[in-house]
Amino acid sequence: MSAEHSARQPRVALYNDPRVRSIAYQAGLAAAVGFLVYSAASNAIDNLERAHITSGFGFWNTTAGFDISQTLISYDSQASTYGRAFWVGLLNTLLVAGLGIVFATILGFVIGISRLSKNWLLAKAAGGYVETIRNLPLLLQLLFWYNAVLKSLPDTRDSLVSPGGAYLNNRGLFLPAPQFLYGFDAVAAAIVVGAVAAVAFAIWARRRQQRTGKRPPVWSIVMALVIGPPLMVFVLKGFPLAFDYPQAGRFNITGGVEVLPEFAALLFGLSIYTAAFIAEVVRAGILAVSHGQIEAAYSLGLKPRPTLRLIVVPQAMRVIIPPLTSQYLNLTKNSTLAVAIGYPDLVQIFTGTVLNQTGQAVTIVAVTMAVYLTISLVTSLLMNIYNRRVALVER
Amino acid sequence: MTMSEGELAVTELRFVRGEAIAPRPPPAAMTGAFAWMRANLLSTPFNVALTILLVLLLAWVVPEIVKFLLVDAVWSGTDRDACREIVQHRPIGACWPFVWERLSYFVYGSYPIEERWRVDLFFAMLAFGVGWLLWLEAPRRGLGAIYFFLVLPVCSFVLLHGLPAIGLPLVDTVLWGGVLVTIVVAAVGIVASLPLGILLALGRRSSMPTVNLLSTIFIEFVRGVPLITVLFMASVMLPLFVPQQYEPDKLLRALIGIALFASAYMAEVVRAGLQAIPRGQFEGSMALGLGYWQSMQLVILPQALRITIPNIVNTYIGLFKDTTLVFIVGIFDFLRTVEVARIDPKWATPVTSTTGYAVAAMFYLAFCYGMSRYARAMELRLARAGRH
């Protein structure tokens, strides 16, 4: 039967057989890409040899010899290595990206919800914010915040002084630095204990509500557990906390914590820019919850607030999370614009200064790209896990 | 008991009105501006507070902006003294003479003055092509696409870079700058990313494992890294990858970086459009005897691209904003020329930076807002077309 079938099939020329064609196309493509990669690599080796650069990680443990204006870990320009400079830069990137994500999320949710407000003025103002900010390049916004706003603040002698003892001038923002005295570790322990107790109570309250339908006043008890024990220990231990206030000198301000103007401008710019995109994500997510859901909740006797908390938000979050993740990644990638205003992030330190000093273009660009790829992949992985948990609620 | 005449007359007295009363106007508090305000601005105490707060905020911000840009602005002058508070003894807003003087630098960069007609001609040709493609009822739009994607790039290159054989002297790209570079970078990104993006999207949906794998790796890699690192790669690594005698021009390197970056994003946009086309369309075209490329070209892509136009335009908005990043690898785009001009000592005043940034903001806002309006109009048009 099958022999008869195949015999009846028309004979196809070899070059017309789809399978043969497919293999030929793929082999051709692989050969072309392979040739490109090979010639690029051999050219690179030639060119590097001519420039007397030995590629590799040999420079990693060499003394860097340049200063960095903001370091979260100890770093010394005379003794520290390029490797150490890399970690300083990476931590600075993570710091600004992490804080930026927090601020952009808060601002973005507020503006996204405002755009749907029944208050006409509020909705229009939020819409104007989104349309303006989204249509201006981030780089322009960063330059504006840095050069036109922060650099035009008064200089050190005429610093603005806030009642709390903070100074603001064109060199940065100087805040009182908390000093943890003897006995503060007990307070820290109390904070941990309080937080654990609060989480445990919330879980227990939820189980009990599902079992019996009775809901204890979760919010107030959780707040009491979080704030109460640390406060009590703090008082009992005799206030083991002091502040190192910044002191205004003639030309400089000493003491306290210094927030660089570059850092402030970058954080400002990134948060404000990304918030406009997050606002749109939030708005789309809330609009995606069909109105029937809200009406059904009302007809079951839920009040507006529980309807929002139990019906609208959980369903909207399912729509919001995936695009929100990509906004977080965009913010992290956009933090590389730090290089334009001189904030010492990974790109400014590593792809800028280190590359200029060592000439290791291939290694350094590859490492930088690998870092951002890793951040991207890890974030998408975590968000996919979360997304799967949220998506399971579906029928 | 029988009914008397009088009783009958009583029952004939009707208690129902025979004709309708003319409708009375609704209570004054329920109509007009007052009611609208009550419903939309003052519905709850919280809303009243919000409205008051916002009115105060706007009353503070808007007059400040108007004052800076118009009322206190300086409209004429020859150097920085015209825009200094100490000299003029009055509050100073935007310093427009600085912009007038630097306007040609903002537009052409350092392009030789006697050759600037070439740049103007390029702008005109580009505007003509863009108009042809954007105006949906324009005649011969197919020809317009050929003009935009094939004729225009070649002509522009000859025009801007020069071809001594036909009497156009060479103009080195180091001299290019300002709006010219911004438009060139954006146009190259726009023209190159669409075909490349379509190819990558088709590759990612291909059943051939090698094609699929290579496309996926490229797209995910480029989308996973910041544009700056792509530009750094193009500007510091590309010269290493080619033989020494072919070292590419600085602007060309940035253009390659931008084109590759934009095509990876475009690929994902096009892929979303391809996924929205039902499989039956492909099977139908196969049944008609069309090959892969024929069915893509005649059946699938026209439908997929039409529904993707709003997203394609949104990608172009992102691309247009991203052109500012070439600034960082040392190319004089519009933002860079503003940045250079604002630190010029001749115009050094406290308001120069803000004036420069205001001009840049208006430029980018006009382009990006225009594009986003167009995308929105296309979306509405598609939604209307989809209904019947």
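Mentor: Happy to! Let's begin at the contact between the chains, to which chain B gives 44 residues and chain A gives 44 residues. Please keep in mind that this is a predicted model.

On the side of chain B that touches chain A, the elements giving two or more residues are helix 3 (45–71), helix 9 (209–224), helix 10 (227–241), helix 14 (334–342) and helix 15 (352–387) of chain B. Helix 15 of chain B supplies the largest share of that side, with 10 residues. Sorted by class, the side of chain B that touches chain A holds 30 nonpolar, 12 polar and two charged residues.

Now let's turn to chain A and its helix packing. Two packed helices are described by the angle between their axes and the distance between the axes. Take helix 3 (residues 82–115) of chain A and helix 10 (residues 304–334) of chain A: their axes come within 9 Å and cross at roughly 135 degrees. Because of that angle, helix 3 of chain A is oblique to helix 10 of chain A. The crossing of helix 3 of chain A past helix 10 of chain A is right-handed. On screen, look for A:Ala97, A:Gly100, A:Ile101 and A:Ala104 in helix 3 of chain A, which meet A:Tyr328, A:Leu331 and A:Thr332 in helix 10 of chain A. By class, this contact of helix 3 with helix 10 of chain A has five nonpolar, two polar and no charged residues.

A second pair in chain A is helix 5 (residues 138–149) and helix 8 (residues 261–288), whose axes come within 9 Å and cross at roughly 140 degrees. Helix 5 of chain A and helix 8 of chain A are therefore oblique to each other. Helix 5 of chain A passes helix 8 of chain A with right-handed geometry. From helix 5 of chain A, the residues in contact are A:Leu138, A:Gln141, A:Leu142, A:Trp145 and A:Tyr146, and their partners in helix 8 of chain A include A:Pro261, A:Glu262, A:Phe268 and A:Tyr273. Counted by class, the contact of helix 5 with helix 8 of chain A has 10 nonpolar, two polar and one charged residues.

Finally, a word on confidence. Chain A has an average pLDDT of 84, and 96% of its residues score at least 70. Among the elements of chain A, helix 8 has the highest mean pLDDT (93), while helix 1 (residues 2–8) has the lowest (52). Where pLDDT is low, the predicted coordinates should not be read in detail.

Conventions. Residues numbered from 1 in each chain as written. Chains lettered and ligands numbered in written order. Predicted model: local features only at pLDDT ≥ 70, side-chain atom pairs only at ≥ 80, totals over all residues. Axes fitted to C-alpha atoms, helices over the stretch in contact; angles between N-to-C directions. Helix = DSSP H or I, 4+ residues; strand = E, 2+ residues; numbered from the N terminus. Parallel < 35°, antiparallel > 145°, perpendicular 65-115°, else oblique. Left-handed = near helix turned anticlockwise from the far one by under 90°. Contact = placed C-beta atoms within 7 Å. Nonpolar A, V, L, I, M, F, W, Y, C, P; charged D, E, K, R; others polar. pLDDT = per-residue confidence, 0-100.
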